[in-house]
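Please open the structure in a viewer and follow the stops below in order. Each stop names what to select and then describes what is found there.

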2 protein chains.
Amino acid sequence: MRVRLDLGYDGTAFAGWAAQPAQRTVEALLAQSLARVLRLPDVPRLVVAGRTDSGVHARHQVAHVDLPRELWSAAPGRSDVPPGRALVRRLTGVLPRDVRVRRAEVAPAGFDARFSALRRHYAYRVSEAESGPDPLRRHEVLDLRRPLDLEAMSTASAHLVGLNDFAAFCRRRQGATTVRTLLEYSWRRPVLGEPDDGLVVATVVADAFCRSMVRALVGALLPVGLGRRDVDWPAQVLAGRARDARVGVVAPGGLTLEQVDYPTDDQLAVRARAARAVRRLL
Amino acid sequence: MRVRLDLGYDGTAFAGWAAQPAQRTVEALLAQSLARVLRLPDVPRLVVAGRTDSGVHARHQVAHVDLPRELWSAAPGRSDVPPGRALVRRLTGVLPRDVRVRRAEVAPAGFDARFSALRRHYAYRVSEAESGPDPLRRHEVLDLRRPLDLEAMSTASAHLVGLNDFAAFCRRRQGATTVRTLLEYSWRRPVLGEPDDGLVVATVVADAFCRSMVRALVGALLPVGLGRRDVDWPAQVLAGRARDARVGVVAPGGLTLEQVDYPTDDQLAVRARAARAVRRLL
C-alpha cells in the first residue's frame, strides 16, 4: 500500500535529500525513522518529488513509500486516531526539529510522488541590504548586500519561460533530457516586508527541474540585476544549449522548495505515464 | 553626539539584551563592536527601547549611543559614504550573523531610545500543528502541538486592553510602577500561511512593558485557548493586582520585538520627560 508523506525541512544541516553513505540526509533520516516507528524489518525505499541538493530547504516536499497493508492498519498509537495521524505523531516524536512530516495518508491509485507531479514551485531569497538579511531568516536568504535592478531581471527572466532545452543550466547527464517547461520565473520585493529589509524573492515554477537548474537560473540573473550583464544575456545562454561556464550556481541556502502540484486523482496515473515517457523519449 | 541604531537579532544564542558578566549578550557584543570599529578607548554605554530577555528575538530594536562628535565625522570607510552607512558596513563586517545593525544615524535633539518611545510592538508565535512548526521557523515559534480556540482567546485578550496595573503579569521590583497602557492584544492565524501550517500569532502593543510581561500575558491566554480556563479568567488575574503563580511565563523563543514607535522629532523631548515622570510617580 502506497502512503503519501508531506514534509518540510531546514536543509542547513543536511547533505541534501538523497541518501549517501556516512552523510546526514533527509531521505536516510526519514526512512530510518519510518522503519523504527513502524518496526519494519528493512529501511523502506522513498520516492520524492524534488531531490533537493545539499543545503537546500523544503517548506512543502512530497514523498511516497510503499508499506505492507497490515502494518498500516496496525499503525502504533491509540486506536481512535486514524493511522495517518498516528504515524505523524510517532514520526514527530523521533525526528529532529529540522525535519517535520506534516501529513501521512494512503495515496490515491496511480499516485507517484515523482512522476505524478505536475509542477514544482521553488523560491530563491536574496537580501540586498548592506547589513545583511534579517537574522531570523539568515539560513534561508542569500546575503548579497548589493541593490538589484528587478525590472531588468524580470524582463530577462520572462525570456526564459516556456518549453525549452535548459542544457545551459543543467549538469550534463548521459541519456537524460534537459528539455523542461519553465512556467514562471519572476522577481519581486515582498509587499509585507519593511523596505529597508531588502528582501527579494524569485519564484521559479516548472514541470520538473534538472540538477542544480534553479540555482543556475538564479546565477544567470543576478549579474543582470547587478548591471554586469545585458538583459538579453540569459536568453543567449539558453540558446547555446550547452552548459555555460559563465553561469554561476548560487549558494544553496537561499533556495526553498515551496510547493508541489498534483493533478486530480483520476489523472494521477495518466500524468505519471506521460512524465515517464517524456523523460525517456526526449 | 547621540547616534540612533536600528538593529535586529536572533535571540536563540544570546542571554538577552543586557550585558552580564561571562554571558553572550547583544548589548555587550554591540558595545564591543562599536568600540572596535570606532577605535574607542572604552566600551560605550548603550540605551535600548526593549530590554529583551534571554532567548527573545528582535526584528526591529532601537538603541542609542553617545559618541564624541569628532569620531562620528571621522568614521572609518570611504569618504564619499555618509558616516552612518560607513558605520553600518563596518559593524556588518565584525558582527556575527545573528545580530545586524540595519541603520545608524545622528539622532534628532531630545531623542532617547528608551524614554522617547511611544509604543513597543511584540509578536508571540505559536504552532498548533501536531507535527510542530515549520522547520525554517522553529527558532521563533512555540511548539505547542494543540489546537487553540482563537475566538475565546481574542475575547479574553480584549478585556486586558487599556490603562491597567499589570502587577499580576510583572516580576515585582521595588519602587517600580507596574501601570501600563496595553494598546492591543490580539490573536490571529496569518492569512498567507497554509492552513495545515498551524501558525498562530499574538500581537501585543503597549507604551512599555515590565519584565517578562508579554510572556506572562501569553501564559495567561494559552489556558483559555486550550479550554482549561474560562474566558473571564485573565481579567480576574489582572484585577488581583499581584503576581499570580497560576500564570505561567511561556518560553522565550516564540517572542519577537517587531517594532518601536517614536513621536515626530519635535515631540521627542516632551515624550521622554513624560515617560520618565510616569515611571517615577506611579
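Two residues are in contact if their C-beta atoms, placed from the backbone, lie within 7 Å. The model shown here is a predicted one.

**First stop: a pair of helices in chain B**

Select Ala220(B), Leu221(B) and Val224(B) in H5(B), together with Trp233(B), Pro234(B) and Val237(B) in H6(B); these two sets of residues meet each other. By class, this contact of H5(B) with H6(B) has 6 nonpolar residues, with no polar and no charged ones.

Two packed helices are described by the angle between their axes and the distance between the axes. For H5(B) and helix H6 (residues 233–240) of chain B, the angle is about 150° and the axes are 9 Å apart. Angles over 145 degrees count as roughly antiparallel, and H5(B) is therefore roughly antiparallel to H6(B).

**Second stop: Val214(B)**

Remain with helix H5 (residues 213–225) of chain B and select Val214(B), which is placed in this helix. Is Val214(B) buried or exposed? Val214(B) counts as buried because it has 30 C-beta neighbours inside 10 Å, and 20 or more are required for that class.

Display both chains. In chain B, 26 residues are in contact with 26 residues of chain A. On the chain B side, the elements giving two or more residues are strand S1 (2–9), strand S3 (57–66), helix H3 (83–94) and strand S4 (99–106). Which of the elements gives the most to this side? It is S4(B), with 5 residues. By class, the side of chain B that touches chain A has 14 charged, 7 nonpolar and 5 polar residues.

Select helix H1 (residues 26–38) and helix H3 (residues 83–94) of chain A, whose axes come within 10 Å and cross at roughly 115°. The crossing in which H1(A) passes H3(A) is right-handed. Highlight Ser33(A), Arg36(A) and Val37(A) of H1(A), then Leu87(A), Arg90(A), Leu91(A) and Val94(A) of H3(A), as these residues make the contact. They divide into 4 nonpolar, 1 polar and 2 charged.

Conventions
Residues are numbered from 1 along each chain as its sequence is written. Chains are lettered from A and ligands numbered from 1 in the order in which they are written. This is a predicted model: local features need pLDDT of at least 70, side-chain atom pairs count only at pLDDT 80 or more; totals for chains, interfaces and linings use all residues. Helices (H or I, at least four residues) and strands (E, at least two) are DSSP runs, numbered from the N terminus. A residue is buried if 20 or more other C-beta atoms lie within 10 Å of its own, exposed if 12 or fewer, and partly exposed in between; C-beta atoms are placed from the backbone. Ala, Val, Leu, Ile, Met, Phe, Trp, Tyr, Cys and Pro count as nonpolar, Asp, Glu, Lys and Arg as charged, and the others, Gly among them, as polar. Axes are lines fitted to C-alpha atoms, for helices over the stretch in contact, and angles run from 0 to 180 degrees between N-to-C directions. Angles under 35 degrees count as roughly parallel, over 145 as roughly antiparallel, 65 to 115 as roughly perpendicular and the rest as oblique. A crossing is left-handed if the near helix is turned anticlockwise from the far one by less than a right angle, and right-handed if clockwise.
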